[in-house]
Amino acid sequence: MGNAAMHGEKEERPELSISLRAQLHALSKVDLHRHLEGSLRLQTLAEIAQEHGIDLPSYDIEYLRPFVTVTDDEPDFHRFLQKFQLLRRFYTTQAAIERVAYEAVADAAADNVKYLELRFNPVALARAQGFSLDEVTTWVCAAVARAQRDFGVRTNLILQIGRDEDLDTASYIADVALAHRSEGVVGLDLAGDEARYPARCFAAVFQRVRQEGLGVTVHAGEVGGAENVREAVELLGAQRIGHGVRAIENSEVVQLLRDCGVTLEVCPTSNLQTGVVRRFWQHPLPDMLALNLRVTINTDDPSISDTTLTDEYLTVTLAMGVTLEQIKRTIVTAAESSFQPPDERRRLAEWFRKELGLEGR
Ligand code: ADE
Ligand code: ZN
């Protein structure tokens, strides 16, 4: 009860007493770009390390934090990606993999995410212990299926290929993705260092899965330029681009994105930490919205970036001047861009329009 009400006065404009954070937290959300390997709770990592005798100088989460989370690091793309290397040591058993997958969905639910596409690199989960890509994918699918029932978050999965992978492994990951479609795998992603490894080598792999009906998303236009976005769309058939913020450096690429209806998965805090932008106020998100691009707002790696989708909404509101109405529209755009069959996609977008009060607009 507020002070005014306690003193028997009429409480005016109660909506103003709801903090902006609470208002943004209460929004029903969609996250299309979230890495499972970037969504691990520190406490869980400490417990797994202790249970399995992973050799660490300390099992205290404050000791683990700087290895997992960007703290006061100088913004740098490679330093950001290095965080994933340490995390590979924690995928010790089936139980550990199932636990982190289950908790990733639980944490999304706590942030009022109602539709989630969670992506993971099966090689990253499998390699340290010699598991097969097929078995780790089965475990993640099963854990996520359980979590979505328990927490009411509709969750689908995207398998990720690292750009540094050889073509045979990439093609095999595509086969695994196709084989697990009935368990919730809906798409294929390309991630890693776009400055060093061109996407065009993987064109045939991505064209094949797209023809088979999987969704295609490619990390591009993040630390690489707009031409990488063009390549992802024209050669790989990407319907969505991870980040893509540098597309606006080239008006032809902007036009291509509009013509093809490509959706951009923007992840603001990640962009700051990888050095794509130096300050939030320099982020191109408001320009991308003004250019009528299909923009969505996502977390990328909640644990590495120490963020939630609510935090990302707060950042774009306070540091970039994005309005609540614009945020709601990005949520509907995300629902429309989900890798689901057309009927389900339409139903989901309709549900969000109603939920967010955007019907008829
Ligand atoms: N893999 C995980 N995070 C990534 C990012 N931000 N860019 C490219 N590849 C990634
Ligand atoms: Zn990413």
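Which residue has a backbone N or O atom 2.9 Å from a nitrogen atom of ligand 1? Select G192 and you have it.

Before moving on: this is a predicted model, where local features need pLDDT of at least 70 and side-chain atom pairs count only at pLDDT 80 or more, while totals for chains, interfaces and linings use all residues. Residues are numbered from 1 along each chain as its sequence is written, chains are lettered from A and ligands numbered from 1 in the order written, and side-chain values use heavy atoms, without hydrogens and water.

**Stop 1: ligand 1.** Show E222 next: one of its polar side-chain atoms lies 2.7 Å from a nitrogen atom of ligand 1. For D300, a polar side-chain atom is 3.2 Å from a nitrogen atom of the ligand. Alone, ligand 1 exposes 260 Å² (Shrake-Rupley method, 1.4 Å probe), and the protein buries 97% of that.

**Stop 2: the space around it.** Ligand 1 takes up the largest pocket, meaning that more than half of its atoms lie within 2 Å of the pocket's grid points. A pocket is an open set of points on a 1 Å grid over the protein atoms alone where a 1.4 Å probe fits, with protein on both sides within 12 Å along at least five of seven lines. The volume here, the space filled by probe spheres set on the points, is about 580 Å³. Of its 30 lining residues, L81, F84, Q85, G192 and D193 are closest to the centre; lining means having an atom within 4 Å of a point.

**Stop 3: the second largest pocket.** Centre your view on S338, F339, Q340, P341 and R345, the closest to its centre among 21 lining residues. This pocket holds about 410 Å³ of space.

Terms used. A polar contact is a pair of N or O atoms within 3.5 Å; within protein, one must be able to donate a hydrogen and the other to accept it, and residues adjacent in sequence count only if both atoms are side-chain atoms.
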